[in-house]
Amino acid sequence: MPGEPTSDEVYARIAPTYATRRTTDPQIAARIWAALGDARTILNVGAGTGSYEPTDRDVTAVEPSAAMREARPPGAAPCIEASADDLPFADGTFDAAMAVLSDHHWPDPVAGYRELARVARRVVVFQWDNHLGPHPFWLIRDYLPEFRALAAGKPSLQERAASIDATITPVPIPSDCADAFFPAFWGRPEAYLDPAVRASTSVWARLGPDVEARVTAQLARDLADGTWHRRNAALLTAPEADIGARLMVRSTA
Ligand SMILES: C[S@@+](CC[C@H](N)C(=O)[O-])C[C@H]1O[C@@H](n2cnc3c(N)ncnc32)[C@H](O)[C@@H]1O
């Protein structure tokens, strides 16, 4: 989008609070770790502060943002500065490569997927599908026509997966998801009125302050007058939902 800040600028802003808000959700982690199989050496690309890095394996992290590298907790896996589309490792260095909620920032996602597949025998990517339309997540479907522009020009999730022959499976997101990624509060709509919740994801920074102000004002009105509940009441008691989250797995073993 015009005037959109770079990923580096966004994460310089988000990094100081990232590790406390974007914590590892156990249900998502179980799916990622099961998909890693018996891999012992793992590369985590776009690693951020280390969410979802298994602690019982030999992990190497890659993260281009200096602020995010600095925000990694003490004892986290070693972290190298690099970009997904140009990984400084020889072919087949790792048993598995993983990327969690990162590839929407990569300059060339398909080149990034191919790099993961080059340096590792198994690839596991967790992401949510931002090309779906009408999107299953009400905030995008009912409030954010601008969202389509964020995904415009990028390969779809299916195209990214197909570039490395990966399978795609849905990952239901629990109603109490511990990781504050953008659609995680699908069943807790008031959370989107909290500036601290919005500040923990890159989407709002990329949409800009005018869109953020309009959407939060409209959502506040719809929650107060019952409009949101008339449309979405069933979500308030659902234990989990498919809001487009997907696991992509490629295995050559
Ligand atoms: C939403 S965070 C996800 C961090 C972590 N994987 C997690 O699940 O909490 C996205 C990360 O992708 C990183 N990133 C941005 N551009 C990248 C690139 N070209 N290659 C690899 N990572 C990138 C960002 O700096 C950021 O740390």
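Colleague: What should I know about the model and its numbering before we start?
Modeller: This is a predicted model, in which local features need pLDDT of at least 70, side-chain atom pairs count only at pLDDT 80 or more, and totals for chains, interfaces and linings use all residues. Residues are numbered from 1 along each chain as its sequence is written.

Colleague: In which order do the strands of the open sheet stand?
Modeller: The order is β3-β2-β1-β4-β5-β9-β6, seven strands with mixed pairing. The edge strands are β3 and β6 (167-170), each of which pairs on one side only. Strands (E, at least two residues) and helices (H or I, at least four) are DSSP runs numbered from the N terminus, and two strands pair if DSSP finds at least two bridges between them.

Colleague: What holds paired strands of a sheet together, in general?
Modeller: Strands of a sheet pair through backbone hydrogen bonds, either parallel or antiparallel.

Colleague: Is strand β4 mostly covered or mostly exposed?
Modeller: Strand β4 (residues 94-100) is mostly covered, with six of its seven residues buried. Buried means that 20 or more other C-beta atoms lie within 10 Å of the residue's own, exposed means 12 or fewer, and partly exposed is in between, with C-beta atoms placed from the backbone.

Colleague: How many bridges join β4 to β5?
Modeller: Six bridges join β4 to β5 (residues 120-128), and the two strands run parallel. Methionine 98 has valine 124 in β5 as its bridge partner. Between β4 and β5 the chain passes through helix α4 (residues 109-119), and this β-α-β crossover is right-handed; that is, with the strands pointing away from the viewer, the path from the first strand over the helix to the second runs clockwise.

Colleague: And what is the bridge partner of leucine 43 in β4?
Modeller: Leucine 43 is paired with alanine 97. Strand β1 (residues 41-45) and β4 are parallel, with four bridges.

Colleague: What about β1 and β2?
Modeller: β1 pairs with β2 (residues 58-62) in the parallel sense over five bridges, and threonine 41 stands opposite aspartate 58 in β2. β2 in turn pairs with β3 (residues 79-80) in the parallel sense over two bridges, where valine 62 has isoleucine 80 as its partner.

Colleague: In what sense do β6 and β9 pair?
Modeller: They pair in the antiparallel sense, over four bridges. Threonine 167 has valine 249 in β9 as its bridge partner.

Colleague: Changing topic: which residues of α2 are buried?
Modeller: In α2 (residues 26-35), Ile28, Ile32 and Ala35 are buried. Seen down the axis of α2, the buried residues fall within an arc of 65°, so they line one face of the helix; the arc is that of the directions from the helix axis to the C-beta atoms. Pro26, Ala30 and Ala34, on the other side, are exposed.

Colleague: What covers the buried residues of α2?
Modeller: The cover includes β4, β5 and β9 (245-251), where contact means C-beta atoms, placed from the backbone, within 7 Å. Just after α2, glycine 37 takes a positive phi of about 60°.

Colleague: How many residues surround the ligand?
Modeller: There are 21, the closest being Gly46, Gly48, Ala84, Ser102 and His105. A residue is near the molecule if its C-beta atom, placed from the backbone, lies within 6 Å of it. The shell divides into 11 nonpolar, eight polar and two charged residues; Ala, Val, Leu, Ile, Met, Phe, Trp, Tyr, Cys and Pro count as nonpolar, Asp, Glu, Lys and Arg as charged, and the others, Gly among them, as polar.

Key. Two residues are in contact if their C-beta atoms, placed from the backbone, lie within 7 Å.
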